[in-house]
Amino acid sequence: MAPNMEEPVDTIDEQPEAEVNKETSRKDGTTNSIHFGDSDFEVEDDIGDATWAEVCTACCVHTPQEWGFLALGIVGVALLLYFFLLGLDLLGT
């Protein structure tokens with residue numbers, strides 16, 4: 001007797017693909033920032049050049065607690081690097 005040869009059953013559940021051609025807009029996000037490829041990339045608003053002082057003011061505004069966490073992080077990275085190099089030196093001798 002020959003064994004029963006049936007077609008293999010495909011048990012993989014196929015998920016429907018997400019929309020590939022979804023139009024994006026700068027108004028979709030919370031910051032209203034402009035990204036290349038947005039449907040409204042060509043806006044009528046006059047976006048002026050920002051000075052470095054304006055960029056620094058916008059990006060580097062932190063509370064004293066946040067500055068403390070930043071300082072602790074930098075000191076922590078420096079200590080880790082120091083002890084790593086110290087360990088390499090000890091292994092080399």
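Trainee: How much of the chain counts as buried?
Mentor: Of its 93 residues, 3% count as buried. Buried means under 20% relative accessible area, exposed means over 50%, and partly exposed lies in between, with a 1.4 Å probe and protein chains only. Keep in mind that this is a predicted model: local features need pLDDT of at least 70, side-chain atom pairs count only at pLDDT 80 or more, and totals for chains, interfaces and linings use all residues. Residues are numbered from 1 along each chain as its sequence is written, and side-chain values use heavy atoms, with hydrogens and water left out.

Trainee: And what does the accessible surface come to?
Mentor: About 9,400 Å², of which 62% belongs to carbon and sulfur atoms. Accessible areas come from the Shrake-Rupley method with a 1.4 Å probe, and for residues only the protein chains shown count as cover.

Trainee: How many helices and strands?
Mentor: Two helices and zero strands. These are DSSP runs numbered from the N terminus: helices are H or I with at least four residues, strands are E with at least two.

Trainee: Which residues make the nonpolar patch on the surface?
Mentor: Val 75, Leu 79, Tyr 82, Phe 83, Leu 86 and Leu 90, with about 600 Å² of accessible area together. Patch residues have over 30% relative accessible area and no salt bridge; like charges are joined within 9 Å, nonpolar side chains (Val, Leu, Ile, Met, Phe, Trp, Tyr) within 5 Å. A salt bridge is a side-chain nitrogen of Lys or Arg within 4 Å of a carboxyl oxygen of Asp or Glu.

Trainee: Where is Leu 79 found?
Mentor: In helix α2, residues 64–92. Leu 79 is partly exposed, at 45% relative accessibility.

Trainee: How many aromatic pairs does the structure hold?
Mentor: One. Tyr 82 and Phe 83 sit edge-to-face, 5.2 Å centre to centre with 70 degrees between the planes. Rings of Phe, Tyr and Trp (its six-membered ring) pair if their centres lie within 6.5 Å; planes under 30 degrees apart are stacked, over 60 edge-to-face, the rest tilted. Tyr 82 is partly exposed at 48%, and Phe 83 is exposed at 51%.

Trainee: Changing topic, how many disulfides?
Mentor: Zero in the whole structure; a disulfide is a pair of cysteine sulfur atoms within 2.5 Å.
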